[in-house]
Amino acid sequence: MRTDFSIDKLIAVLAVSVTCMLGGVACAGDTYTAVELGALREGGSSVGRYMDRAGGHVVGSSGFTHGSETRAFIWTAPSGMRDLGTFQGGDYSEAFGVNDAGTVVGDSNNRETMRAFVWNAREGMRELSPLPGDSATRAFAINNSGQIAGYSSGKHGVRAVVWSAKLEPRSLGSLAGGNYSEAYAINNAGQIVGMSTSSSGTRPFLWTSRDGMVDLGILMGSESCKAVRINHAGQVVGSCTLGSGSRPFLWSKENGMQSLGSLGGKEYAEAMGLNDSGSVVGSSETSLGPRAFLWTKSGGMQDLNSLIPSTHDVLLVQAVHVNNNGQILAVGSIHHDLTHDREAHLDDESHAGPLHLFLLTPVSSPH
Amino acid sequence: MFDWLSSRRQKSESTQRTEPAGLRLSGAGRSMKQGLLWVALVSVTLASACTWASAQDPSAVGQFSSLMNWNDNPTHAVLLSNGKVLWWGSFANGGKPQIFEPVSSTNTVATPPGYNIFCGGHSVLGNGQVLVTGGDSALNTGVANASLYDPVSGNWTFLPNMNAGRWYPTNTTLPNGDVVVTSGEISPTLGTDALPQVWQVSRGTWRDLTTAQLVLALYPEMYVTPNGTLFYAGPTSPSRYLDTTGTGSWTTGPSLNFSPRGYGPSVMYDNGKIMVVGGGPGPTATAEIINLNAPAPSWSYTGSMANPRRNANATLLPDGTVLVTGGTSGAQFDDYTHAVYSAELWSPATGTWSTMASLSVYRGYHSVALLLPDGRVLSGGGECNTTPPCNRNTAEIFSPPYLFKGPRPTITSAPTSIGGGRTFFVGTPDAANITQVTWIRLGAVTHTFNQEQRLSYLSFGQAAGGLNVTAPPSANLAPAGYYMLFLLNSSNVPSVGSMIQVDNSTHGHKHK
């Protein structure tokens, strides 16, 4: 159910001076406009997962703060946030992926289990079949060919799958010695990344139709890694556990796995999004709590909040996606006295919610 | 004037307990210079004080202790089999547990687990070790770790990781002592962990319920039912049943009349009988009950509290009543400007609520309440730190009315361990006056939900020098682990709880 908040409540347009984003690559001198995308429930929370390459479609989930009555949504600028509903008997749904045509994938509970869905405006929500004999499915990503990545679960375990454009599931198997895998992202070339257990532990994988599932390795000192995004160039981002924290990584065929570090060297940082230019977004712990970050090859890791004028009341804690236009989808909280409290530790207030979803769009400044 | 006193009484009950406000005013006004105004003031305040004294009779409304200053806010609290409380705070302090000793009211530093267990799940295994699952990497991001805390050695042991990170999971102890872990956020990118996993104690491995994938609310309120399945009671609707045998399966149950009940607690107040109370948005003052022993269980309203509440805690008491403490009646999630200070007590016999004494500070989000073996209730923490009315690094202890109603029965001997379903002897000089015997599983509470507490009424008979007490006939009614045994006399005054370990490996009755 889309709520009809007044425009000034729903949409806060912020002129944000930040590092320039030109074609998805950082350079100095540009500004962002930031649009708050609203919520399905009055006073509720929204979490974004993905947007298409042009930023016209944003998907995620929205519900009451801390998770109840959560529904998958698609957001477009003309129509705002639209509730995609649930399967019959379901009490929960969430959207994880969308392609440039606005086709959405995610999952929904039904009366007895969780099933992946594919949704478009014409046909609504359709169920994705599990592998033969399985009972549950989950879909995380869809490419422009309509191929979908996710997993199927049943008596034989949990297996990464790809659904064809005809919605036929195919198991991707698992790494040697493993029996559990999940697929999280797929690019337009049909390359898929995810995680699989193996004889060496939990590892990130890259799957291609030619080579099958390949272990992408692990950061030194880490116990387990997952790959969550892959771009057109075949670059991959994910995160590895490291001690009691985690580290984001960028993997490429040429350079292998590279740690992206964290803000201030803190224990926790996690990569969540990647565009075709190799810009990475995510979240990192800081001395003031978690903060959204943008990483570029030239600029390294930057706290997005440090680039926002201090006159605004928005605290960005997670950047979940960046597209090829350099737009960033970020989750944060709104504080009425943030100008005063900007250097305060506001983790507790972010924790209590509600969480707000922002679409940051770079605006080129005169050069 | 009365309203002023009433308001003041709510906000500083502990001060007024020792020096009621009305009497203090009259004493302060000894100067005759205040003339007639003073006389009028004294008249009104004395009258109010008399009313207050009656209303605050601890045998009617109980009594909160004075405030204890702690060095952190208790956000998680687990009662150990030695009667002490393992607790830890929020955010960066989630990796720094402490141990509260109720008799001396002192805290000592516990061995740290080595990672942040804030926002994890917890339960007490059959051997008394505490199983902690998941924890906090960051907002909406869990860790996959699982660990055991041994109250004897004070050490932590790492277990194999779960399938994914879990932030806000629930632990539920099965009849045989294994533990089901449900829900918990993996990360913003990957959503909620839909896979229930069973920690198999004897094997030391996780069993994945791969045919029971379902996205539940965070910190789902799960209970073992009399037939051995698990029941999802809230905070969302519909309720559901989880069969944990094999690779698991769900079936849909009845719907709540009021939903969602976010941050509204629930309790299993008798075998197969559950109450959910309050919650929001709203919040609501309503409460609902369900009897899972019925052929077609359904939720129905019981009496409503005097106050709407969200972020309150519900605690089972030895006499079968349910104590609700803290919470906010405001529309905002953790709204201290609408703090509810007064506790309320629900009677399962009448379905009605009685207003109890008041907390000293607001205890909302990230507060805890936990029954102690001596029948008192520890109430502490919260996240709000706007003083007043918040003071999160504090705790206070509620003494229920039954502690002001005469001598307590005593237990002179009881077994430390029994086989499930067995009859055992409890020594007491008060046997002839015992009218009820109950036991309550050790609590493990956070975020308004106690993942472990459950109460059973035990059958008993007179014996020389004591009572023969019989444990519940099915392990489904008493999952393996530790329970506090209470004897209650004809005035419903409980004994101090006696710690008993239930070992269902020797249970005389089959269970699922």
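**Entry 1**

I began with S239(A) and looked up its bridge partner, which is P248(A) in β23(A). I note at the outset that the model is a predicted one.

**Entry 1: a four-stranded sheet in chain B**

Next I turned to an open sheet in chain B with the order β7-β8-β11-β12, four strands paired in the antiparallel sense. Its edge strands are β7 (121-124) and β12 (156-159) of chain B, and each pairs on one side only. Neighbouring strands here are turned by 20° against each other on average, if direction is ignored. Between β11 (residues 146-149) of chain B and β12(B) I noted four antiparallel bridges. Within this sheet, Y149(B) faces W156(B) of β12(B).

**Entry 2: strand β43 of chain B**

Which residue of β43(B) stands opposite I418(B)? I found V502(B) in that place. V502(B) also stands opposite G481(B). The strands behind these pairs are as follows.

- β34 (residues 417-419) of chain B pairs with β43 (residues 498-503) of chain B in the parallel sense, over three bridges.
- β42 (residues 481-489) of chain B pairs with β43(B) in the antiparallel sense, over five bridges.

**Entry 3: chain B as a whole**

I counted the secondary structure of chain B as five helices and 43 strands. Chain B has 512 residues, of which 60% count as buried. Of its contacts between residues at least 6 apart in sequence, 55% join residues at least 24 apart.

**Entry 4: where the chains touch**

I looked up the contact between the chains and found 37 residues of chain B against 49 residues of chain A. On the chain B side, β9 (136-138) and β22 (249-252) are the elements that give two or more residues. The largest share, three residues, comes from β22(B). By type, this side of chain B holds 18 nonpolar, 17 polar and two charged residues.

**Entry 5: the largest nonpolar core**

The largest nonpolar core has 239 residues, and A319(A), A330(A) and L370(B) touch the most other members. Domain 2 (63-404) and domain 3 (417-506) of chain B both contribute residues to this core, so the core lies between them. I listed the contacts of A330(A) beyond four places in sequence; among them are A292(A), L304(A), A319(A) and F358(A). For comparison I noted that in soluble globular proteins, nonpolar side chains tend to be buried together.

**Entry 6: a loop residue of chain A**

My last entry concerns N324(A), in the loop between β29 (314-322) and β30 (328-334) of chain A. Why does N324(A) count as partly exposed? N324(A) has 17 C-beta neighbours inside 10 Å, and a residue is partly exposed when that count falls between the limit of 12 or fewer for exposed and that of 20 or more for buried. N324(A) lies 33 residues from L357(A) in sequence, and their C-alpha atoms are 19 Å apart in space.

Conventions:
Residues are numbered from 1 along each chain as its sequence is written. Chains are lettered from A and ligands numbered from 1 in the order in which they are written. This is a predicted model: local features need pLDDT of at least 70, side-chain atom pairs count only at pLDDT 80 or more; totals for chains, interfaces and linings use all residues. Two residues are in contact if their C-beta atoms, placed from the backbone, lie within 7 Å. Ala, Val, Leu, Ile, Met, Phe, Trp, Tyr, Cys and Pro count as nonpolar, Asp, Glu, Lys and Arg as charged, and the others, Gly among them, as polar. Two strands pair if DSSP finds at least two bridges between them. Axes are lines fitted to C-alpha atoms, for helices over the stretch in contact, and angles run from 0 to 180 degrees between N-to-C directions. A nonpolar core is a set of buried Ala, Val, Leu, Ile, Met, Phe, Trp, Tyr and Cys residues joined through C-beta atoms within 7 Å. Domain bounds come from an automatic or database domain assignment.
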